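Subject: Structure handover

Hello,

The sequence and structure are below for you to take over. My notes on what was found follow them.

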Amino acid sequence: MRIYKSKVMNSYSIILLCTVTMMMVCGCVNTPQKSSESKFSNVQQEHFDKMLAANKKKSFDFGNDIQEREFNDSVKLAIGEYMDSTKLFINWKAQIQHISSYETGDNSMALSFELEYAPEEYRKVTFDVNYVVPKDSLDSDKIYKTVKNLRDYSTVYFDGFIRTKANGEAHYNYSLSDDHLMHSYPDFKFFIVDINPESKGDTISGNLRKAIDLSFKAIEPLKQNFRKEISKKESDRRVAEIAPLFKSAKEKLTNEERAYINRLTEALTVNFVYAE
């Protein structure tokens, strides 16, 4: 399903066209093992947070605004590159808050909420989610149904990825004037792919992993064509090579896993089509 606002829904047919032809996670989704000596039960989440903590420590070392601005820009790009490598957060733990919904047109609703964790005093990490659902899917969409029945400030476990800009930077939910907050209180725009009130574990099935890998691989030629880096003919050729592999992989998935892949592929499409 979707994490984009009203202008996205105005081009909904374009998104569906891209989503049908592409499919989920290139490269590899790193499935973490549990850490025995950590405040996190998820190694992937722990590694990400260590990177954020190191950035906060470095941010105190600069003697003027120019040095600070250049460092902040480098961090935004580094986290964007981190997402290119990691691809997908799996089974991260956070507190959900500010749950709300609003109409984005005659035929869709947007679900809005924040996912937040606080690893230490004077530091917290927030993922800001806007997830658009057609009104005729409200009773069947897993994300909408799950979040609708949660209380604010309850614990959840989620999958997803940080939104990135056209220049490859991570998309913070700040204006430039608020960049001083990005290390102590980073707030990222985020695409949600799955959410649960209980942990589902940090591993995914082999069949789902394969479908995820093919999805990320398939998005690349579509993204490159959209950015005018390759021709549509070349993009179509590459997608055609992947399509039968993806079709075969998807046939091996459960209904729930297919829905997961559909949410992921649509989020990946929106991420590059509406990159700022």
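In which loop is Lys87 found? Lys87 sits in the loop between helix 4 and strand 1. Note before reading on that this is a predicted model. Lys87 is not a glycine, yet its phi is positive, at about 75°. Its relative accessible area is 13%, so Lys87 counts as buried, the cut-off being under 20%.

Lys228 also has a positive phi, near 65°, and is likewise a residue other than glycine. Lys228 lies in the loop between helix 6 and helix 7 (232-251). Its relative accessibility is 73%, and therefore Lys228 counts as exposed. As background to both entries, most residues other than glycine have a negative phi.

Overall fold

The secondary structure consists of 8 helices and 5 strands. Along the sequence they follow the pattern α-α-α-α-β-β-β-α-β-β-α-α-α. The protein has 276 residues, and 51% of them are buried. Among contacts with a separation of 6 or more, 75% are between residues 24 or more positions apart.

Helix 3

Helix 3 runs over residues 43-58, which is 16 residues. From first C-alpha to last it reaches 23 Å, close to the 22 Å expected at 1.5 Å a residue. At the start of this helix, a side-chain oxygen of Asn42 comes to within 2.9 Å of the backbone nitrogen of Gln44.

The buried residues of helix 3 are Val43, Gln44, Gln45, Glu46, Phe48, Asp49, Leu52, Asn55 and Lys56. An α-helix has 3.6 residues a turn, so residues three or four places apart point the same way. Within the list, Phe48, Leu52 and Asn55 can be read with that in mind. The elements that cover the buried residues of helix 3 include helix 4, strand 1 (89-105), strand 2, strand 3 (123-134), strand 4 and strand 5 (187-196).

Ser112

Ser112 is in strand 2, residues 108-120. With a relative accessible area of 15%, Ser112 is buried. Its side chain makes a polar contact of 3.5 Å with the side chain of Asn130. Leaving aside residues up to four places away in sequence, Ser112 touches His98, Ile99, Ser100, Tyr102, Val129 and Asn130.

Largest pocket

Rolling a probe the size of a water molecule over the atoms shows where empty space is left. The largest pocket holds about 310 Å³ of space. Its lining has 19 residues, and those that lie nearest its centre are Asp84, Thr164, Lys223, Leu268 and Asn271. Two or more lining residues come from each of helix 4 (65-86), strand 4 (154-162), helix 6 (206-226) and helix 8 (255-273). Which element gives the most to the lining? Helix 6 does, with 4 residues. By type, the lining divides into 9 nonpolar, 4 polar and 6 charged residues.

Val273

Val273 is found in helix 8. Its relative accessible area is 17%, so Val273 is buried. The C-alpha atoms of Val273 and Leu222 are 9.6 Å apart, although the two residues are separated by 51 residues along the chain.

Regards

How values were computed. Residues numbered from 1 in each chain as written. Predicted model: local features only at pLDDT ≥ 70, side-chain atom pairs only at ≥ 80, totals over all residues. Heavy atoms only, no water. Buried < 20%, exposed > 50% of the residue type's maximum accessible area, 1.4 Å probe, protein only. Polar contact = N/O pair within 3.5 Å; in protein donor to acceptor, adjacent residues only side chain to side chain. Contact = heavy atoms within 4.5 Å. 1 Å grid on protein atoms, 1.4 Å probe; cavity = no way out; pocket = protein on both sides within 12 Å on 5 of 7 lines; lining within 4 Å. Points joined across faces, edges and corners; volume = space filled by probe spheres on them. Nonpolar A, V, L, I, M, F, W, Y, C, P; charged D, E, K, R; others polar. Expected span 1.5 Å × (residues − 1).
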